[in-house]
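User: Could you take a close look at one strand for me, and at what surrounds it? I would enjoy a connected walk through that part.

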Amino acid sequence: TSNVPVQPAVQPTTGAKAVPAQEPAQEPEVTDDEIKAWGDQNRKDYIAQQKAKQAQSPAQQPAAEPTANAQATAELTLLLMLASERQLIEARQNVRQNQWRDGLPRPHGLEGQSLGLIGLGRVGQRVARAAKALGMKLMGFDPYIEESVFAQLSIERHGLTELLRAADIVTLHVPLTKETRHLINQPTFKEMQEHALLINTCRGP
């Protein structure tokens, strides 16, 4: 056999540092306090994944999907409308106190009521379709949506003040921008009818 010693596959040159083999990324350490805060040992993997995402560079992070929550947000809007109209929370409290309809006026229902939609993007249009199926009268405010969309959804186009004065229920479906920040404020509140309901399921004040 040969007595020639086996040399390493890669030798550092004089004055250069050896480059170690690349090791797989280690899972971010999760403390016991974090697991305890979640209240579930099974959350350890989830917390580690979230930490790994936070450590990613912006180029590595997944792109936002603008339609991801549109349907869920529209359904939440309808849920809040129905829960308020049917006085769901108050009725539940009555039932738990062995009462039935005591002290609660009978609801009128959504049919025939005027819904004012502020913003007719992905969420607003979904809410409009559902409200139309319930027999509501639709009015909308969105200076960036074409007239054909209003016509297709049977929505009357109104100015903001006109909409606030006429609607029984007002729902907000606008992105947070310099233009929409504090779109609803004390002066605009005063334009609404006393019985009117305001539902804000968009992001921002």
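Analyst: Happy to. Both faces of strand β1 are covered: Ser114, Gly116 and Ile118 are buried on one side, and Leu115 and Leu117 are buried on the other. Buried here means under 20% relative accessible area, while exposed means over 50% and partly exposed lies in between, with a 1.4 Å probe and protein chains only. In a regular strand the side chains alternate between the two faces of the sheet. For β1, residues 114-118, five of its five residues are buried.

A word on the basis: this is a predicted model, in which local features need pLDDT of at least 70 and side-chain atom pairs count only at pLDDT 80 or more, while totals for chains, interfaces and linings use all residues. Residues are numbered from 1 along each chain as its sequence is written, and side-chain values use heavy atoms, with hydrogens and water left out. Strands (E, at least two residues) and helices (H or I, at least four) are DSSP runs, numbered from the N terminus.

Now to the neighbours of β1. Two strands count as paired if DSSP finds at least two bridges between them. With β2, residues 137-141, β1 pairs in the parallel sense over five bridges; within that pairing, leucine 117 has glycine 140 of β2 as its bridge partner. β1 also runs parallel to β4, and four bridges join the two.

Histidine 182 has a positive phi of about 60° although it is not a glycine. Most residues other than glycine have a negative phi. Histidine 182 counts as partly exposed because its relative accessible area is 47%.

Serine 154 also shows a positive phi of about 60°, and it is not a glycine either. Its place is the loop between α6 (147-152) and β3 (156-157). Serine 154 is partly exposed, at 44% relative accessibility.
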